[in-house]
Amino acid sequence: MTARTRRLTGRFHAPRSLRKQLLAASLLILSGLLILIGTLQYVLMRNFIYSNRAEAMETQIRSVPYEIFNSTGSRRPGGDRRPLLLDAHTTLAIYSQDGSFRDLQDETLSASPAPRMSSEAYNRLLMLPPDKRGGDYQLITAGDGSEHLAVFMNLGRPGAARMLLQMTVETGPLRDVILQQLLIFGALSVAALLAGLLLYLPALRKTLVPLSNMGRSAQIIDAGNLNVRFPEEQGQLEIDQLAQSFNGMLERLEISFKNEREAKEQMRRFAADASHELRTPLTSIYGFLEVLLRGAADNREQLYSALNSMHGEAKRINKLVEDLLLLARMDGAPRLRVKQVLLGELIDDMQPQLRVLAGERQVVFDLACGIRCLVDPDQIRQVLLNLFHNAVQHTDAAKGIIHISLHAGGELGELAKLTVKDNGSGISAEHLPYVFDRFYRSDSSRTRKYGGSGLGLSITRSIAEAHQGEVTVSSTPGEGAAFKVSLPCSPD
């Protein structure tokens, strides 16, 4: 039984097309509503027609002449029948309190005998007051199975036997009228369904156009083509909201893929630059070791010279590794130990160290007081040391002049401006856009001499950005360069 049911249900799958599903669901709902309306119409119409017919019969039953109730009063002198204006389907009958039931078929010339209810039902009606009938009408089933609509009039008088006058009419003609109305309603419903189907299909097709457009757009989207966007103004609120959600998701995906590509490219450049930077000192160390293994170690002077050179290269490797680790931390989620710092005091405390690094170069300080920032003091010291070390590398050992200034900037003084300016060789215009790139050197011979790795300015920029600030450079070849660090000040 189960297998047969599965085979039967397998033949009638729900349509996979959304258009067909909506159409089928709409037709089913509309058909169900029409059936419900037809059922309610049948009940209401049947009650309405029966009630109207009962009211007409009550009027007729009151006009029945009293002499017809007498067994001898139904004929005129001479034998003529007294006419009653009743149709052939209407019957009259009298039920007496003693249980007798008299059919007045001869007086009414009815085509069928009057139907009779049970004595208990008649007695209940007789118990009602004379002005009351047991409802507007009652339905009686005759012996031949036909249904009759019946109304009653209480003929009881004070001190006399009570009688009940019954008038009935067959409900067949009334049901025919109801069925005819229902057939008309059914025909109109079928016509309405067909007309709705013809009109609904184009409207449904037009309604689903935005979904079709989104489907076509989705087909051309892939990991390498995420700049496609769904139209967000198609005249349908739900579709527009869906398009906005998809566009937001695509934008986030595009940003993620872009960041991933940039991270991969940075990693590729980082690996290439790091391997290049590490290769040079390692090659030098390897070369000195070969010289020592060939017999130079026996010469004390050559031995110490080689060891000093290898020690210098080892220091360069250690500094490079430290800078790379620092950059890696800054690229990820930098952990800053921030606190309120007076930048002027922090720079002033570094004066002895900076003057030692400057050697015979002249160092000029111009520091404004009271500039307070929420920063990591160690990181800010690293920024100043990197910029100062860069100025030392590019200025003359005897005639070099380095200016360090700190002033409030911005329209409302909301920024702290730290400037390190030198009178060195400067930076040419073609090198300025790249000075903050990792491992970039505008003069490789000078940086090699002073042990620079090309990471100092990159570290400076990363620290400044981690503090929601920025670093810029301006330079004129032959006149020196000026590096400016802008940091947000703390509110007073």
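Residues are numbered from 1 along each chain as its sequence is written, and side-chain values use heavy atoms, with hydrogens and water left out. Because the model is predicted, local features need pLDDT of at least 70 and side-chain atom pairs count only at pLDDT 80 or more, while totals for chains, interfaces and linings use all residues.

Me: Why is the pair of tyrosine 50 and tyrosine 137 called edge-to-face?
Reply: Rings of Phe, Tyr and Trp (its six-membered ring) pair if their centres lie within 6.5 Å, with planes under 30 degrees apart counted as stacked, over 60 as edge-to-face and the rest as tilted. The centres of these two tyrosine rings are 5.9 Å apart and their planes stand at 85 degrees, so the pair is edge-to-face. A search of the whole structure finds five aromatic pairs.

Me: What makes this pair a tie between parts that are 87 residues apart in sequence?
Reply: Helices (H or I, at least four residues) and strands (E, at least two) are DSSP runs, numbered from the N terminus. Tyrosine 50 belongs to helix α2 (residues 18-62), whereas tyrosine 137 sits in the loop between α4 (119-126) and β3 (138-141), so the pair ties those parts together.

Me: Why does tyrosine 50 count as buried?
Reply: Buried means under 20% relative accessible area, exposed over 50%, and partly exposed in between (1.4 Å probe, protein chains only). Tyrosine 50 has 0% relative accessibility and therefore counts as buried.

Me: What makes tyrosine 122 and phenylalanine 152 an aromatic pair, and of which kind?
Reply: Their rings are 6.3 Å apart centre to centre, with 80 degrees between the planes, and the pair is edge-to-face. Tyrosine 122 in helix α4 and phenylalanine 152 in strand β4 (residues 147-154) are 30 residues apart, so that the pair links distant parts of the chain.

Me: What makes β5 a partner of both β1 and β4?
Reply: Seven bridges join β1 to β5 and seven bridges join β4 to β5, and the strands run antiparallel in each case. Leucine 164 in β5 stands opposite tyrosine 95 and also opposite asparagine 154.

Me: What makes a set of residues a nonpolar core, and how many residues has the largest one here?
Reply: A nonpolar core is a set of buried Ala, Val, Leu, Ile, Met, Phe, Trp, Tyr and Cys residues joined through side-chain atoms within 4.5 Å. The largest has 42 residues, and those with the most contacts inside it include Leu343, Ile347 and Leu384. Helix α11 (residues 377-393) gives the largest share of this core, seven residues. Apart from it lies another core, of 19 residues, among them Met45, Ile49, Ile61 and Leu149.

Terms used
Two strands pair if DSSP finds at least two bridges between them.
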